[in-house]
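I opened my notebook for another look at a fold. Here is what I looked up, in the order I went.

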Amino acid sequence: VTSVRLAPPVRVARRGGATTRRRVSRVARASFVDQPGDDVAGPAASTKTKEKAPTADVAAETEDAHEYVESDEEVRERQAVGALVRWCVERGATGSGLSVRLPDESNKGRGLEASRDVAVDEPVLSLPLEMGICDAQEGHPPEAWETMMNAPWGVRLACRVLQERKKGEDSEYAPYLALVPVSVPGSPLLYDDDEVVGLQYPPAVAEAREMRDAVRKWHGILSTKCPSALAGADHDAFAAAVSVVHSRTYGVAGEKGEGYFRALLPLADLLNHAGDEYDAEASFFASGESKNKKPPMWPPARDKDNVAWSALDDSGVIAFAATKPLAPGDEATMSYGERSNDHFLMYYGFAPPRNPHDDVVVFQDIEHALSWHMVFHPELWDSGEESEANARENAARAAVKATEALLASTKDGELMNAEPRLKVLPGGRADARLVSLFAAAYAGTDAGVEKGKEILDVDIDSAHADIARRCSELLRQMPTDLKRDAAILRGEDGEVTDATRSCVSYRAHKKEVLVDAIATLGKGALELPEAYR
């Protein structure tokens, strides 16, 4: 039978006549327990101790006891977590081996961690979908649905959260919403204008502005047509709610891929992200001997997630299971996807460090790239007859079409069809269309690629070098360098807010990708901008 286990009770300790609230020096947590032996060790407590402390069964009321002093806020937090776990269990949630970890000095916020040894493929959590807040008509004011049905999913779910919050303790979701943050401060939706510009990466600045404009637009529409949907929220409160649902929502589909929709899932939304990473020694900041023998940023050095979730089964339940062994105290994490940092920043409000799936747009499309190449290499395009330049252009365009045809049935082909922009990625990877475009331009003459001439290695090396030069251009256009960004993140300019951390971390990693592309594609022949030498 699933039960609830809470952290050790708070005791009152008296020292010198003063009364203080104390608990053992461990981070409190609430656990699911439905396996024999789970309770053997007594009440759950994090293995991450601040100092050695007595067990929960030993009285700790002597004047010599050295214990962590629990604040009133921590007491309330622990009680709220316990209430959430009980609420979830009452609604059909089951699980074993995971505990809710409360915020601590690591600044990681709440999360889930192992409360015992967990084996690979062992189920750790199962949740009926109906216990969540779903993106559906149910719950919305009837008069609002005609407008809401045409709104983006983030708007609809944000309104559901606002509607339930307004009910206070009368909401059936009150125990859940008590632990859902009011906002995600690292989201660009909540940046000020200077912070948006501070992203320093034009595609991100444009996307952040577009998303902010869309939120403002929909707040205006709802305020005019169906104000009940907003539950009294002004623009700032509405934007904050959108930032929350963007960061916590699951996209759910049936086992056969049918019925895709979105939902906020209590407890499951406490799983923090971890995924693929490259080695820290591959970073620009690697020093000494490692700087000259840096490991590559691709392929990933490791994947750090250890929990995965299933599709929705026929009974309406979503199951989570371990993908790696977990020991007591290990954080349970899940990959939010192999995505660029643009997606993480815009939707989750943070930028994963050392993300090998990040990318940088170097050209908006083939036309942009070809125009740049013609300007950058007049000796190639302007030195001969017009017919020769035409032959090069035809060869370059033909090579792009051949590349697209070759990759049409692959995952890369699907991405190409959906994304005209040309990018570089960590590990010296570049869009195949861009490499073929530049290489064929070098090879193309009257008897060029269009007529069957082979692209030589020297042509590909020249193409790579040109891409590295373009990356150097983009790096110079960014107002701060990596050393300056690192100083800001260390707090040398003052307090580092969540917005500052997400903004500067994001732009810094874009610079890491560009530096890596210059070094890898340029093969050492191209110097980095002076600030990076």
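This is a predicted model: local features need pLDDT of at least 70, side-chain atom pairs count only at pLDDT 80 or more; totals for chains, interfaces and linings use all residues.

Leaving out residues up to four places away in sequence, I found Phe238 touching Val155, Ala158, Cys159, Leu162, Val215, Trp218, His219, Leu222, Leu230 and Ala233.

That list sent me to the largest nonpolar core, which has 125 residues. Phe238 is among those with the most contacts inside this core, along with Leu199, Leu222, Phe320 and Phe438. Which helix gives the most to this core? I found that H17 does, with 10 residues. Domain 1 (129–282 + 297–346) and domain 2 (360–532) both contribute residues, so the core lies between them.

Next I turned to H17 itself, residues 498–521. Is the helix mostly covered or mostly open? Mostly covered, I noted, since 18 of the 24 residues of H17 are buried. Just after H17, Lys523 takes a positive phi of about 55 degrees.

My last stop was an open sheet of 3 strands, in the order S18-S19-S20 and with antiparallel pairing. S18 (360–363) and S20 (429–430) are the edge strands, each with a single partner, so one side of each has no neighbour in the sheet. Between S19 (residues 422–425) and S20 I found 2 bridges, and Val424 stands opposite Ala430 in S20. H17 came up again here: it packs on the sheet, touching S18, S19 and S20, and its direction makes about 85 degrees with that of S19.

Note on methods:
Residues are numbered from 1 along each chain as its sequence is written. Side-chain values use heavy atoms; hydrogens and water are left out. Helices (H or I, at least four residues) and strands (E, at least two) are DSSP runs, numbered from the N terminus. The expected span of a helix is 1.5 Å times one less than its number of residues. Buried means under 20% relative accessible area, exposed over 50%, partly exposed in between (1.4 Å probe, protein chains only). Two strands pair if DSSP finds at least two bridges between them. Contact means heavy atoms within 4.5 Å. Axes are lines fitted to C-alpha atoms, for helices over the stretch in contact, and angles run from 0 to 180 degrees between N-to-C directions. A nonpolar core is a set of buried Ala, Val, Leu, Ile, Met, Phe, Trp, Tyr and Cys residues joined through side-chain atoms within 4.5 Å. Domain bounds come from an automatic or database domain assignment.
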